Amino acid sequence: MRREFLLLLTAIFAIATACNSGTKKKDEANEEKSAQVEETVPDNTLTDAEKQAGWVLLFDGKTSQGWRGYNKDHFPSGWQIVDGTLMCKGSGEGEAGAEDGGDILYDEKFKDFQLKLEWKISEGGNSGIFYLGEEVEDWPIYKTAPEMQILDNERHPDAILGKDGNRKAGSLYDLIPADPQNTKPVGEWNSVEIICYQGTVVHKQNGEVVVEYHLWTDDWNALVADSKFPGLNSDWADVAKEGYIALQDHGNDVWFKNIKLKKL
């Protein structure tokens, strides 16, 4: 009888332990889920963690504050704020074809930084993100600035031009192809990150490093020398150590949001 009683107590203890364990795991899962919900914030805002880490918004989702046209003193009408996005209205006439369009820049120079944003392109569209750019009268910014390409890889001719895909989205335009090539289809948002630190530059696209290179080195100079850029500017390889971030008007609809930056 005593043995049966002990077995009964053991069974009851095992059941209680299992129930408590299940409840604990459920509570932990709920806590993790709650933490994830707390970190989910609306577009064009910063989390508390980002604020503490030194991130700042370059676009508030409502106004063009901080932005102006390249070599202009105003925000061009070829760009507009649409549903929380910074949108270039495509002219259908190629690069900077709009009457009051053209590239736009954030009106502050940056040296070492980490830039994050999201972009979405229209069918057959082309655009880009310039960095470390200089503002030179009568020159387009691409004569001085490296560019992270934005492209509809399936439809735009640039996808088959250049060399080894170095004009596809995520690439260092016309110089280094994005690898892996992980661009999402037209109509979907792509997240990108550009890190510049003491000459080292990294492109990340949709969470993966796709390009890495080093400015002002012998390898960099050789790379540029074998490209079209010396024909645009003989000193193109001598990229500025501090410059502007700009978004390209290439004559196609393109949308940007969640533009944020941290100085390094």
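Author: A residue counts as buried under 20% relative accessible area, as exposed over 50%, and as partly exposed in between, with a 1.4 Å probe and protein chains only. In this predicted model, both Tyr106 and Phe110 are buried.

Reader: What do the numbers and values refer to in this predicted model?

Author: Residues are numbered from 1 along each chain as its sequence is written, and side-chain values use heavy atoms, with hydrogens and water left out. Because the model is predicted, local features need pLDDT of at least 70 and side-chain atom pairs count only at pLDDT 80 or more, while totals for chains, interfaces and linings use all residues.

Reader: How many helices and strands does the chain have, and what share of its residues is buried?

Author: Four helices and 13 strands are found in the chain, where both are DSSP runs numbered from the N terminus (helices H or I, at least four residues; strands E, at least two). Of the 264 residues in the chain, 44% are buried. If we take the contacts (heavy atoms within 4.5 Å) between residues at least 6 apart in sequence, 67% of them join residues at least 24 apart.

Reader: How many aromatic pairs are there?

Author: A pair of aromatic rings is described by the distance of the centres and the angle of the planes. Rings of Phe, Tyr and Trp (its six-membered ring) pair if their centres lie within 6.5 Å, and planes under 30 degrees apart count as stacked, over 60 as edge-to-face and the rest as tilted. The count here is seven aromatic pairs. One of them joins Trp67 and Tyr106, which are edge-to-face at 5.4 Å centre to centre, with 75° between the planes.

Reader: Which parts does the pair of Trp67 and Tyr106 tie together?

Author: Trp67 belongs to strand 2 (residues 67-69) and Tyr106 to strand 5 (residues 104-106), so the pair links parts that are 39 residues apart in sequence. Trp67 counts as buried because its relative accessibility is 5%, and Tyr106 is buried with a relative accessible area of 15%. Tyr106 also pairs with Phe110, and these two rings are stacked, with 6.2 Å centre to centre and 25° between the planes. Together with Phe113, the residues Trp67, Tyr106 and Phe110 form one aromatic cluster.

Reader: Over which ring does the charged end of Lys257 sit?

Author: For a charge to sit over a ring, NZ of Lys or CZ of Arg must be within 6 Å of the ring centre and within 35 degrees of the ring normal. The charged end of Lys257 lies over the ring of Trp189, 4.3 Å from its centre, and Arg68 lies over the face of Tyr244, at 6.0 Å from the ring centre.
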